[in-house]
Amino acid sequence: MNPSKWFRELLANWKRKREEAALLKRYGCVCYCRKCRAILGDAQTLNESEYQYTCGECQCVSVFNFDIAPMPILVRFDGEQVYP
Ligand SMILES: [Zn+2]
C-alpha cells in the first residue's frame with residue numbers, strides 16, 4: 001500500500017470513528033446500512049417505535065424498530081420485510 005493511500009484510509013477511519021462516537025453520545029446507538037455498511041445518521045419518525053433512515057451512500061431505505069429489544073432491530077430494508 002502506498003503512503004498516501006494509507007493516510008487517506010487512516011483519515012477515513014478516524015472520521016468514521018468520530019461520527020460513531022458522536023451518534024453514540026447523542027442517541028446511545030449507531031445504525032448501519034445493511035448493503036454498504038455506511039453509518040445511518042438522521043432518521044424520519046414513522047411511529048412511536050419505528051424510524052426510517054435513507055443511506056447517504058447507496059440511497060437504500062432502512063426501517064428500525066427501537067421498541068422490541070434493548071437495541072434497534074432492522075424490520076424493513078429497501079421495501080422488503082426483514083423482521084419478523
Ligand atoms: Zn448504503
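What you're looking at is a predicted model. Its five-stranded open sheet runs in the order E3-E4-E5-E6-E7 with antiparallel pairing, and its largest nonpolar core has seven residues.

**The sheet**
- At the edges sit strand E3 (43-45) and strand E7 (80-81); each has a single partner strand, so one side of each is left without a neighbour in the sheet.
- E3 pairs with E4 through three bridges, in the antiparallel sense. Ala43 has Tyr53 in E4 as its bridge partner.
- E5 and strand E6 (residues 73-77) run antiparallel and are joined by four bridges. Here you'll find Asn65 opposite Ile73 in E6.
- E6 and E7 are also antiparallel, with two bridges between them. Phe77 stands opposite Glu80 in E7.

**The core**
- The seven members of the largest nonpolar core are Cys33, Leu40, Tyr51, Tyr53, Cys55, Val63 and Phe64.
- Two elements give two or more residues to this core: strand E4 (50-54) and strand E5 (61-65).
- As a general point, nonpolar side chains in soluble globular proteins tend to be buried together.

- Arg37 isn't a glycine, yet has a positive phi of about 65°. Look for Arg37 in the loop between strand E1 (31-32) and strand E2 (39-40).
- Arg37 has 11 other C-beta atoms within 10 Å, so Arg37 falls on the exposed side of the cut-off of 12 or fewer.
- Gln59 also has a positive phi, near 65°, and is a residue other than glycine. Gln59 is in the loop between E4 and E5.
- With 11 C-beta neighbours inside 10 Å, Gln59 counts as exposed as well.
- Tyr83 and Pro84 are joined by a cis peptide bond, with omega about 0°. Pro84 lies in the segment after E7.

Technical notes
Residues are numbered from 1 along each chain as its sequence is written. This is a predicted model: local features need pLDDT of at least 70, side-chain atom pairs count only at pLDDT 80 or more; totals for chains, interfaces and linings use all residues. A nonpolar core is a set of buried Ala, Val, Leu, Ile, Met, Phe, Trp, Tyr and Cys residues joined through C-beta atoms within 7 Å. A residue is buried if 20 or more other C-beta atoms lie within 10 Å of its own, exposed if 12 or fewer, and partly exposed in between; C-beta atoms are placed from the backbone. Two strands pair if DSSP finds at least two bridges between them.
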